[in-house]
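The following note sets out several points for a reader who is new to protein structure. Please keep the sequence and the model at hand while reading.

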Amino acid sequence: MALRLETEIMYLKGVGPKLGELFSRKGLKNLKDLIEFYPRAYEDQRAARNIASLKPDDIVSIKATVVAVHSANMGRSARKMYDVVLRDSSGQIHCKYFRVPYKGYFERFKPLTEVRVVGKVTDYRNRIEFHHPDIRDIEPDEETKDALIPLYTEIEGLATAKIMKLVRLAFAQIEEWPEEVFPKWMMAKYELRPRQEALKEIHNPLPAKSAEYFQFKSSAQKRVIFEEFFWLELYLASRKTGLQKKDAPKIKNAGNLLDQIEKSLPFAMTGAQKRVLSEIKEDLAAGHPMHRLIQGDVGSGKTLVSFMAALTTIESQYQACLMAPTEILAEQHYKNAKKVLVPLGVRLGLLVGKTKAAERKVLLAALQEGQIDLIIGTHALIEDEVQFAQLGMVIIDEQHRFGVEQRGILKNKGNSPHFLVMTATPIPRTLAMTVYGDLDVSVIDEMPPGRSPIQTRAIFENKRPQALQFMLEQIQKGRQAYFVYPLVEESEKIDLKDAVSEYEKLQLQFPNVKVGLLHGKMKSDEKDKVMEQFRRNEIQVLVSTTVIEVGVDVPNANIMLIEHAERFGLSQLHQLRGRVGRGEHKSFCILIMGYAVSEEGKQRTEMMEKTSDGFKIAEFDLEMRGPGEFMGTKQSGLAGFKLANLVRDMQILQDARAAAFEVLKRDPKLIFNDHQGLKAELLREHGPTALAGIA
Ligand code: ADP
Ligand code: MG
């Protein structure tokens, strides 16, 4: 049998069903999977260094002896941090792990074991250490003749040296390789090596280029990284090209109502709001459907911009709809719209889950007859019975709360309506362009004037009494406070109990203060009631889980205390904090950390103290946790990269995106001979619909 990439691993000579099964359990089925199981790092055996000579950011390989392995709990969760202490004749170094690579990983590092370590030296508070380095035993049969060897993520029972041997076996035995799929012009323009050659080199690195491999900058790695990005970008580019060919509702750029609304505002629009609005106007004039995302920090004034976009649509005799993720938020938008839009003659509707049947019937009939211009609501808007006379624009607030299908259903209620989504989860610009690949991105990067920055302090539990005292002083000055409690899924019951008992304790501690409780298990009318009481200042302290995260606007609330802050992600902390600092009063955010907070957790809370810039926070979060944790990355196909890394390889990502768009510009229907490989790959990955836009 001639071996090909599609051949199962067990047919490799020297492998067999038992080994094959091991790989298969890890999702590696055929030889293509094996070859795309790329080294995690490389080890230059000539360049071994001693510990005393290490400097921050060096990527190095050292030989050392295990002193001890320590572990400690991280926060209250069951997760542990591991610390492997190593020494050589020159000194000691700590290797820290915030995740366990696999069960039993640390058990083999008994004191006095000789190991090799490869990793990047990190500076932590003026001390050097490794975070998540590769540590492995020095094996007796190790191939010491290679000066530079690839290191693989170990598969249970299979050491990295063994995996290297198997991969090399595969290269030796595969007889039929597929043809190069990239067109020649692209390979020349972006300096890309042929695929097969690059793959081989990744597993058989050239010692002379060791520094390049360490940094993932070798031409072989670049080819593969480029390719991983390129397939995603080509798909996104084809979707976008498809959109541009559709006819959109014609929006006349009259703008009379826009002038009126601007004049009626008690404030001036910020420069950023004006800029984004003009970007929207350009879209609307372009003839094809707008497909735009507005990113802006909490409180940056996205709502107003979306109202103005809706208004242009309405002025051209089309309807608009605005969908928000919660009833609280939908009602808040409705109230605002009543103030701002109704005086201009806009006919408004509100549809949420609790809208009564009789009322709903009247509303939906009016909508269908075109007697409502703007309908605001929750996902109740998605239901079949909601029909428009002429839907011209779909607006979605906090879009990451909705799935792709939900957005699609809403869009299909019109004939290629304009589409505007908003998010307060800032994503670094470069990442946004890929996460939201087929959307154009506008950024409101300026806050309305007169907001004083929120003062943030992280403290340990023992300072809670002082924090509560401070909170009480603010309340006595007439302010209101949030008290936020985390809810972590796996222990939701216990956490909820904690939130409830904290609420009871607070009532005792603040005898003359009204304390309210809000959590996700409450019925929606109960939630609304509490929220309304808080808004009217009938409640001064709101104890809540993260349900208040999105959009709530109570300007008199100026202090937030977050319990177990180390259990929240940075972006989430930032969103929560955005609930305060919305009025004229100086605002405060107090982050309370458990004693068992991890180093990573501490760094996160320090970041929160230092900056209130959502984009800086997002970038830091991206670096710390990788793109996998970002909202929306899973559904966008960003999770599946094998070698590419969105932070490290940003430049390659930009090139790959440019290349993808260039392909469709040169050959919009992918009919050229040397583009047939691209077309086939697109079809294989995404099915026939991938070509719907371009065919
Ligand atoms: P977000 O971007 O978080 O959705 P909102 O649209 O809710 O922010 O706006 C927050 C608050 O700021 C609202 O009360 C809104 O009326 C107010 N606002 C919006 N634009 C301006 C502006 N240019 N100047 C002053 N206040 C503004
Ligand atoms: Mg908002």
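1. Two strands are said to pair if DSSP finds at least two bridges between them. The model discussed here is predicted. With that definition in mind, one may turn to an open sheet of six strands, in which the pairing is parallel and the order is β18-β23-β22-β19-β21-β20. Strands β18 (455–460) and β20 (515–518) are at the edges; each has a single partner strand, so one side of each is left without a neighbour in the sheet. From one strand to the next, the twist averages 20°.

2. Helix α15, residues 464–476, packs on this six-stranded sheet. The strands that α15 touches are β18, β19, β21, β22 (557–562) and β23 (588–593). The direction of α15 makes about 165° with that of β22.

3. Strand β19 deserves a paragraph of its own. Which strands pair with β19, and over how many bridges? Strand β19 (residues 480–484) pairs with strand β21 (residues 541–544) in the parallel sense over four bridges, and β19 also pairs with β22, again in the parallel sense, over five bridges. Individual residues can be followed across these pairings. Y482 has L542 as its bridge partner in β21, and A481 has V541 as its bridge partner in that strand. On the β22 side, A481 stands opposite I559.

4. Is β19 enclosed or open to the outside? Five of the five residues of β19 are buried, so the strand is largely enclosed by the rest of the structure. In a regular strand the side chains alternate between the two faces of the sheet.

5. M323 stands opposite G377 in β14.

6. A pair of helices may be considered next. Two packed helices are described by the angle between their axes and the distance between the axes. Helix α3 (residues 160–173) packs with helix α5 (residues 195–203) at an angle of about 150°, and their axes are 10 Å apart. That angle makes α3 roughly antiparallel to α5, since angles over 145 degrees are counted in this way. The crossing of α3 and α5 is left-handed. At the contact, V167, R168 and F171 in α3 meet L199, K200 and H203 in α5. The residues of this contact divide into three nonpolar, one polar and two charged.

7. Phi of L112 is near 80°, and phi of H564 is near 50°. L112 is placed in the loop between β5 (91–97) and β6 (114–124), whereas H564 is found in the loop between β22 and α18 (570–577). Is each of them buried or exposed? L112 counts as exposed because its relative accessibility is 61%, and the cut-off for exposed is over 50%. H564 counts as buried at 6% relative accessibility.

8. The last point concerns N30, in the loop between α1 (17–25) and α2 (31–35). N30 has a relative accessible area of 18% and is therefore buried, as the cut-off for buried is under 20%. When its neighbours within four places in sequence are left aside, N30 is in contact with L5, E6, T7, E8 and I9.

Definitions and conventions. Residues numbered from 1 in each chain as written. Chains lettered and ligands numbered in written order. Predicted model: local features only at pLDDT ≥ 70, side-chain atom pairs only at ≥ 80, totals over all residues. Heavy atoms only, no water. Helix = DSSP H or I, 4+ residues; strand = E, 2+ residues; numbered from the N terminus. Axes fitted to C-alpha atoms, helices over the stretch in contact; angles between N-to-C directions. Contact = heavy atoms within 4.5 Å. Parallel < 35°, antiparallel > 145°, perpendicular 65-115°, else oblique. Left-handed = near helix turned anticlockwise from the far one by under 90°. Nonpolar A, V, L, I, M, F, W, Y, C, P; charged D, E, K, R; others polar. Buried < 20%, exposed > 50% of the residue type's maximum accessible area, 1.4 Å probe, protein only.
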